[in-house]
Amino acid sequence: MGRTLAEKVWDDHVVTRAEGEPDLLFIDLHLLHEVTSPQAFDGLRKAGRAVRRLDLTIATEDHNTPTLDIDKPIADPVSRTQLETLRRNCAEFGVRLHPLGDVEQGVVHVVGPQLGLTQPGTTVVCGDSHTSTHGAFGALAFGIGTSQVEHVLATQTLPLAPFRTMAVTVEGELPEGVTAKDLILAVIARIGTGGGQGYVIEYRGSAIEKLSMEARMTVCNMSIEAGARAGMIAPDETTFAYLKGRPHAPAGDDWDAAVAYWRTLRTDDDAVFDHEVVIDAAGLSPFVTWGTNPGQGAPLSAAVPDPASYSDPSDRFAAEKALEYMGLTAGQALRDVTVDTVFVGSCTNGRIEDLRAAAAVLDGRRIADGVRMLVVPGSVRVGLQAVEEGLDKVFTAAGAEWRHAGCSMCLGMNPDQLAPGERCASTSNRNFEGRQGKGGRTHLVSPQVAAATAVLGHLASPADLAGRTGASDVRTPVEA
Amino acid sequence: MEAFTTHTGRAVPLRRGNVDTDQIIPAHWLKKVTRDGFEDGLFEAWRKDPEFVLNRPERAGASVLVAGPDFGTGSSREHAVWALQNYGFRAVVSSRFADIFRGNSLKNGLLTVVLPQETVEALWRLTETDPAAEVTVDLVGRQVRAEGITADFALDENARWRLLEGLDDIGLTLRHADDITAYEARRPSFKPSTTPLGAQF
Ligand code: SF4
């Protein structure tokens, strides 16, 4: 019987396999950041161990880093300690670190791919659940706990229990204005936040194949929000074109050998998935969340659901709690929900294509009075590219704040937070209670919806701007 | 990891179910950069109440926690296990543990023992009546013993062996160091590598 993409990558990394024991898997790339690594380095130090493969390890600072005044000392002493600890650990153990101020600094899941370190057929881990992002390249990539971080540092391997496979097949054309974010939000709403538990999801089908690498990363990024261990997309010409010439991509003969191997990384025709979900791309539309988990979402054109309409009592209870926290009423049109803040950024939608999309909507327009809009590039490189294209000017001319790279308001570990009761349209990935600041209310949206929402002051899509002034009405928006 | 063979100590009866990791160690403790020093964060909200069982003088120095069902649900934070260990707990008894918490605890040498709810109740009654009563958690014999109570428990053989030997996963994996080296030797040259510190980038 044939094998799926995930099974092929797994099999290629088995170091030892024995009855009654988990497989020991080799890890090709280990990404580190300041929050989940300090105790792991401590463990190494106590046991007198070294990092086994410094050449497969890289660190960046992202969760705690400020997005303003980055040349000044970090105000929060606890955040500062966490960053200083990472710097000390990396220096002591010899790990390459891209600290705040470095040109390669940024959100760990944006940095790996842009350096060309994330490659098809590799195993990638990081002490962060959104490591699933890297699966967009056909890598088997997943988040791990701190003990496992230490384990990988010391051995470059992990003992892992087997997974099940799920195919999410999306066929057809995405309608105009519908993005990868809308697609993945719709998938999560369909299968639920626990629907992917124990599975590695492979996204496939003609709609997926047409996606750019940035869009594929957005899709794989949120696999974890469906409870899945990882998400993957088979590598193809789009993947190879993205990688070619990147700093750590193979070159010369190695490139040819790599591509030859990468081409084998496709699910065999006779392979069987443990579970399959089929989605019609043509039926999708801009999607937003109304609740406090990423599965509580609906098309923008819909209304806030009535908890009473849920047959499952625990779903009903969860919906009631969510509406209470979010300050929404059943039946209210989602388009009528007004916001105070708009956040464009994060490892879900903080890449150049996302900034271009938001800028195209904002070009020649102003954000609504009373709305605060933060644009935070996923990495310094993304920020530089945006500046080169003049996107920063578009944002600031529209009244948005252009910030320095980092996780920022995705989780508010730095000063970028919502105040209690504030409502935000956010391109990030989690709308949990308090995620963006204590008492803050989050609606997950695409960059396009974020930008249109900023202009109108309520949840909206670019189509709602028709007839209103804006450069994009009279000429092609900022070109790629 | 410290080996766990058998442990005898006084117990803390925690008559609560569904104790999630946010209750075990609240989120604001996660900015700490060590594995120790979490003892003051353990059950932080409840400890504000002087009558909370952990605050009672007769429970000082107790090392076995006897909790209600579904202990350790919620976020995967390993800090929850560290907090229990930092406080001095060597074993936790409950009728049901959340998966991730259990995995984390066994990785760190905190023995999580699953016993039927009736036995948990019996342990509660005993240790509430006599706070000085000792409870023995015997991993060799896979048994929990206290006055008038003898209860066998199950634990998967691989996990039990690791605990008995005091092997952390790393120690165990390093027994395969030759296999790892052999794998590395056959790894294709086109695989990505970073440039370690000091090397030219
Ligand atoms: S951007 Fe948000 S989700 Fe991504 S790594 Fe940072 S905090 Fe986590």
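This is a predicted model: local features need pLDDT of at least 70, side-chain atom pairs count only at pLDDT 80 or more; totals for chains, interfaces and linings use all residues.
Over all chains, a search of the whole structure finds 17 aromatic pairs. One of them joins Phe41(A) to Phe93(A), with the ring centres 5.2 Å apart and 40° between the planes, a tilted arrangement. Phe41(A) belongs to helix 2 (residues 38-47) of chain A and Phe93(A) to helix 3 (residues 77-93) of chain A, so this contact ties together parts that lie 52 residues apart in sequence. Phe41(A) has a relative accessible area of 0% and is buried. Phe93(A), at 13%, is also buried, because the cut-off for that class is under 20% relative accessible area.

An angle over 60 degrees is what places a pair in the edge-to-face class. Trp255(A) is buried, its relative accessible area being 9%, and Trp262(A) counts as buried as well, at 1%.

The charged end of Arg16(B) is found over the ring of Trp46(B), at 3.8 Å from the ring's centre. In a further case, Lys32(B) lies over the face of Phe38(B), with 5.6 Å to the ring centre.

Attention now turns to the interface between the two chains. Here 39 residues of chain B are in contact with 60 residues of chain A. The area buried between the chains is about 3,900 Å², and carbon and sulfur atoms give 57% of it. Between chain B and chain A the count of salt bridges is 7. Lys46(A) and Asp36(B) form a salt bridge, in which the closest N and O atoms are 3.9 Å apart; this falls within the 4 Å cut-off. Polar contacts across the interface number 18 residue pairs, with both residues at pLDDT 80 or more. On the side of chain B that touches chain A, the elements giving two or more residues are helix 3 (79-87), helix 4 (99-108), helix 7 (169-174) and helix 8 (177-186) of chain B. Helix 8 of chain B gives the most to that side, with 7 residues.

Key:
Residues are numbered from 1 along each chain as its sequence is written. Chains are lettered from A and ligands numbered from 1 in the order in which they are written. Side-chain values use heavy atoms; hydrogens and water are left out. Rings of Phe, Tyr and Trp (its six-membered ring) pair if their centres lie within 6.5 Å; planes under 30 degrees apart count as stacked, over 60 as edge-to-face and the rest as tilted. Helices (H or I, at least four residues) and strands (E, at least two) are DSSP runs, numbered from the N terminus. Buried means under 20% relative accessible area, exposed over 50%, partly exposed in between (1.4 Å probe, protein chains only). A charge sits over a ring if NZ of Lys or CZ of Arg is within 6 Å of the ring centre and within 35 degrees of the ring normal. Contact means heavy atoms within 4.5 Å. Buried area is the accessible area (1.4 Å probe) that two parts lose on being put together, summed over both. A salt bridge is a side-chain nitrogen of Lys or Arg within 4 Å of a carboxyl oxygen of Asp or Glu. A polar contact is a pair of N or O atoms within 3.5 Å; within protein, one must be able to donate a hydrogen and the other to accept it, and residues adjacent in sequence count only if both atoms are side-chain atoms.
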